[in-house]
Amino acid sequence: MTRPNMSPTRNVMPTQDPLIRARNFKEVALGYSEETAIDEAMRCLNCKNMPCVEGCPVKIHIPEFISKIKEGDFEGAYQIISKSSSLPAVCGRVCPQETQCESKCVRGIKGESVGIGRLERFVADWHNTFCLDAPVRPESNGHKVAVVGSGPSGLTCAGDLAKKGYDVTVFEALHTAGGVLVYGIPEFRLPKAIVAKEVDTLKKLGVKIETNVVIGKTLTVDELFSMGFEAVFIGSGAGLPNFMGIPGEALNGVYSANEFLTRSNLMKAYLSCPETPIMKGGKVAVVGGGNVAMDAARSALRLGADKVYIVYRRSMDELPARKEEVEHAQEEGIEFRLLCNPTEILGYYNPDDPRDAKNGFVKAMKCVKMELGEPDEKGRRRPVVIPDSEFELEVDTVIMSIGTSPNPLIKSTTEGLEVNRWGGIVVNEDGLTSRSGVYAGGDAVTGAATVISAMGAGKIAAKAIDEFLSK
Amino acid sequence: MYKIVDKKVLNPTVVQLQVEAPLVANKAKPGQFIILRVDENGERIPLTVAGVNKDAGTVKIIYQIVGSTTEKLSHKEAGDFLQDFVGPLGVATHLEGLKKVCIVGGGVGCAIAMPIAEALYQMGADVTSIIGFRSKDLVILEDEFAACSKVLRLMTDDGSYGEKGNVTLPLKEMLARGEQFDMIITIGPLIMMKFVVETARPFNVPVTASMNPIMIDGTGMCGGCRLTLNVDGKKVTKFACVDGPDFNGYEIDFDEAMARGRMYSQFERHAHKETCNLFAKEVQ
């Protein structure tokens, strides 16, 4: 074996130029070439105790797939990843690797960790480009399982069960499969074609996908059992968007991030002649500091905004978004108004002309400046209002990106399904709910979290469902 | 894909479709709605269920041609297919225990009021219906309302049919002469519902209003359909798709709802014109 590549820095991910990409919806990161991938793979020391695998919610055999890349056996690498992950091309793009596998990498102690996420993406894209063989459909074991929701947890659960021979049907409320991967995460971070490809792979494994079925409305969980399903996995996602409860949130031009992103992504308002409208151009303020806020801000910019602000009440150090997303947003020209909290949204009203088309639309957002005070019980320093610091930010659109609360649709129609104080479905360590045969995972359980943690939950539930039905 | 099995033009701008959607037909109750897309890339629009046939597995919808999507929908014929059709969504109208009810419908809102009037009639309730239209040629469902109402008052703005005036006139007259209703259920333009509430207020009769705001997913995810209720002096945000579409009329902030309804009016006018031009070109 050749000697490892001891460069302290990882291979740079080629990206579109910030000023160009800020005006298009094409993918920002362009991916490694074969040569770069092999060079990066050479930085892996193939540690015996594999700390990186511990950091992965779905326990991908990381050193093993990287070894295959070193040999130039990219399809071999793909086969290793796909044993653990149903959505490698998705995870390679949206996982927060820096806090998971890569945070445990030994190379990260003196220098940068191996670019595991970039390598995963390379392998998945290589497979999707060059390997067109349909996956082998396993022999049926005759058991029927229903999966509610086709987001990351549902697709993972469905994929794992299908590989074991289960007859799986996924029920999706919207008209396209993919959940947050299609309505939430924008094209420039996760191209829709990649999600469609992953869904297609599952279909080839025998998974059936029924769109336009709202479980809790069109059918209930109990009806699924009477239809012959022997187990149900609920991966219905996060649900209802939160608002701040400040005056002016009903003005035209105020969106939840969910609505803004759904219009742009799922409903394709980002195309040149969309059928679904969206507010474009002008000045936009996105309130919040998570990944969803970054997605909304960068989408607004690409839709043609003149100026986009991120308004966040804490400082840069507390921003919950991935560092890479924050950096990309800054490079593209998004302005961060930190230690700043909205108190009111102001509307336009022309007293001389009640028919003025601008009446009832946003014209500015009133904010106060904040400073960080004493740490709270979680150790995060609490933001405190600075007296007499009020100012107005002139904006046309405000996007509230301050989290979601669980959707009551399934809970209210499923007797005996226990939920916690916040409305999240209560599960044990196997993903089992208070109802026999009913499992749950993802945001429906945890509240808004990451794609990969939802996938991890789908995986655990698939294993538990298999054990339950094999008895 | 969802097959259109029957199409009936009710008046120059209002069309009735029967769509094959057995799962929806099996569940839908009066007051609930569906969301449809006409074609790939199409908009999602909410329409209230106007009736179901469980045996045939069909759902009846009645819509007015107002924008690009309803324009495209109006060019679909029996035998054609719709891309998407999902439901039933929202909470069904609460009818339990009602004995004497006044239904106040306006324009195409009468299509939503119809199944409610019918359900009440079948429950044995005493139904008074007040239905209003701009003019004679826009009148719909007159016979259907007559069949299930003890009293039917048909109003037109211009007096070209029925009585001249808006729906609040007979409502006020009945309430003033001491008619006792358990509930007034009103469905129609926001401005009409607002005035129905104002008419009923001095008489302390409960009013349920059915809201139809802008929405996308219809399952509570986007929050676009939010409206403000004034509950005991406190402002409360509700989502019409999961908490409604019916709300206590006295609590609804109608002025805000009307302003929100205008959010995309410019875009919609333009899109409708473009769609009409497209169809005109096809004809040529």
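**Exercise 1. Helices on a sheet**

Across which strands of chain A does helix α12 (residues 257-264) lie, and at what angle to β6(A)? Then describe the sheet.

Solution.
- Helix α12(A) lies across β6 and β14 of chain A. Its direction runs at about 85 degrees to β6(A). Axes are lines fitted to C-alpha atoms, for helices over the stretch in contact, and angles run from 0 to 180 degrees between N-to-C directions. Helices (H or I, at least four residues) and strands (E, at least two) are DSSP runs, numbered from the N terminus.
- Helix α13 (residues 291-302) of chain A packs on the sheet and touches β7, β8 (307-311) and β14 of chain A. The direction of α13(A) makes about 170 degrees with that of β8(A).
- The open sheet has 5 strands in the order β6-β14-β7-β8-β9 (chain A), with parallel pairing. Two strands pair if DSSP finds at least two bridges between them.
- β6 (254-256) and β9 (335-337) of chain A each have a single partner strand, so one side of each is left without a neighbour in the sheet.
- Neighbouring strands of this sheet are turned by 25 degrees against each other on average, direction ignored.
- Take one pair: β7 (residues 283-287) and β14 (residues 397-400) of chain A pair in the parallel sense over 4 bridges. Here A:V286 stands opposite A:I399 in β14(A).

A note on the model: it is predicted, so local features need pLDDT of at least 70 and side-chain atom pairs count only at pLDDT 80 or more, while totals for chains, interfaces and linings use all residues. Residues are numbered from 1 along each chain as its sequence is written, and chains are lettered from A and ligands numbered from 1 in the order in which they are written.

**Exercise 2. One face of a helix**

Which residues of helix α4 (residues 62-70) of chain A are buried? Why do they line one face?

Solution.
- The buried residues are A:I62, A:F65, A:I66, A:I69 and A:K70. A residue is buried if 20 or more other C-beta atoms lie within 10 Å of its own, exposed if 12 or fewer, and partly exposed in between; C-beta atoms are placed from the backbone.
- Seen down the axis of α4(A), they fall within an arc of 155 degrees, so they line one face of the helix. The arc is that of the directions from the helix axis to the C-beta atoms.
- An α-helix has 3.6 residues a turn, so residues three or four places apart point the same way.
- The buried residues of α4(A) pack against α2 (34-41), α3 (51-54), α5 (74-84) and α7 (116-130) of chain A.
- Just after α4(A), A:G72 takes a positive phi of about 80 degrees.

**Exercise 3. A glycine in a loop**

Where is A:G216 found, and is it buried or exposed?

Solution.
- A:G216 is in the loop between β3 (208-210) and α11 (221-226) of chain A.
- A:G216 counts as buried because it has 21 C-beta neighbours inside 10 Å.
- Beyond its neighbours within four places in sequence, A:G216 is in contact with A:L409, A:I410 and A:T413. Contact means that the C-beta atoms, placed from the backbone, lie within 7 Å.
- A:G216 and A:L205 are 11 residues apart in sequence and 27 Å apart in space, C-alpha to C-alpha.

**Exercise 4. Where the chains touch**

How many residues does each chain bring to the contact?

Solution.
- Chain B brings 35 residues and chain A brings 30 residues.
- On the side of chain B that touches chain A, β7(B) gives the most, with 6 residues.

Conventions:
Two residues are in contact if their C-beta atoms, placed from the backbone, lie within 7 Å.
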